[in-house]
Amino acid sequence: MRIGLCGTGGFAREVAPLALAQNGVEGVAFVALQSGPEINDLPVLAQSDLPDDMRLSVPVADAAIRRRIDAELRAAGREFISLIAPTCIFRGPSQVGEGAILCDHVVITANVVIGRHFHANLFSYVAHDCVIGDFVTLAPRASVNGNVVIEDDVYVGTGAVLKQGTPERPLRIGRGAVIGMGAVVTKDVPAGAVVVGNPARPLER
């Protein structure tokens, strides 16, 4: 099996060693609109020239771009692969959709349900009974405590903390919201909102 990493940015370059560490991998390449010189000793292939047996990952932080790449490649019949670091820990039964990238020292505990193309960066965690949508990104050290619902396309910044909800009333982060770096979220966040600070409040523009 060969793995193609869609993009050549910083996160793609960070993820390349993780892709190489997956079981049964025979080779890894970056994927771009046009072929180019090697990056970090790995080839850069044009999207139009991918081998049939190459499975793809989309290490792009921006959810809208990730969603667009997924749609284009899915329409072309391409398959996606999840990349899971050897140091990632699962502490109970959970479901993770296709195309996930779970970086070093990520922890996912019991009875978590996660959608497609989820990114969990270094030292982030998702605790019990959370439900996470598609194209969600957790930056390094993001902390998602139990009984939290995160809708599609949400970005949770570095070091942010999401307070635990309850089974009857989970903490809810609306679609497309952005949780700022170091924010402490104690209340629901509306769709599309940007919140910062401790406790987190809407960003004044």
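I started at Gly36, which stands opposite Val44 in β4. I work on a predicted model, where local features need pLDDT of at least 70, side-chain atom pairs count only at pLDDT 80 or more, and totals for chains, interfaces and linings use all residues. Residues are numbered from 1 along each chain as its sequence is written, and side-chain values use heavy atoms, with hydrogens and water left out.

Strands, N-terminal part. I took strands as DSSP runs of E, at least two residues, numbered from the N terminus, and counted two as paired if DSSP finds at least two bridges between them. Strand β3 (residues 36-39) pairs with β4 in the antiparallel sense over 2 bridges. Their hairpin has 2 residues between the strands, and Asn40 there takes a positive phi near 50 degrees. β4 (residues 42-46) also pairs with β2 (residues 27-32), in the parallel sense, over 3 bridges. I found Leu45 in β4 as the bridge partner of Val31.

Open sheet. I read the order of its 5 strands as β8-β11-β14-β17-β20, with parallel pairing. β8 (95-96) and β20 (171-173) are the edge strands, each pairing on one side only. Between β11 (residues 113-114) and β14 (residues 131-132) I noted 2 bridges; Val113 has Val131 as its partner.

Cores. A nonpolar core is a set of buried Ala, Val, Leu, Ile, Met, Phe, Trp, Tyr and Cys residues joined through side-chain atoms within 4.5 Å, buried being under 20% relative accessible area (1.4 Å probe, protein chains only). The largest has 31 residues; Phe118, Val126, Ile150, Leu162, Ile173 and Ile179 touch the most other members. β17 (148-150) and β20 each supply at least two residues of this core. Apart from it I located another core, of 18 residues, including Ala12 and Ile81.

Conventions
Helices (H or I, at least four residues) and strands (E, at least two) are DSSP runs, numbered from the N terminus. Buried means under 20% relative accessible area, exposed over 50%, partly exposed in between (1.4 Å probe, protein chains only).
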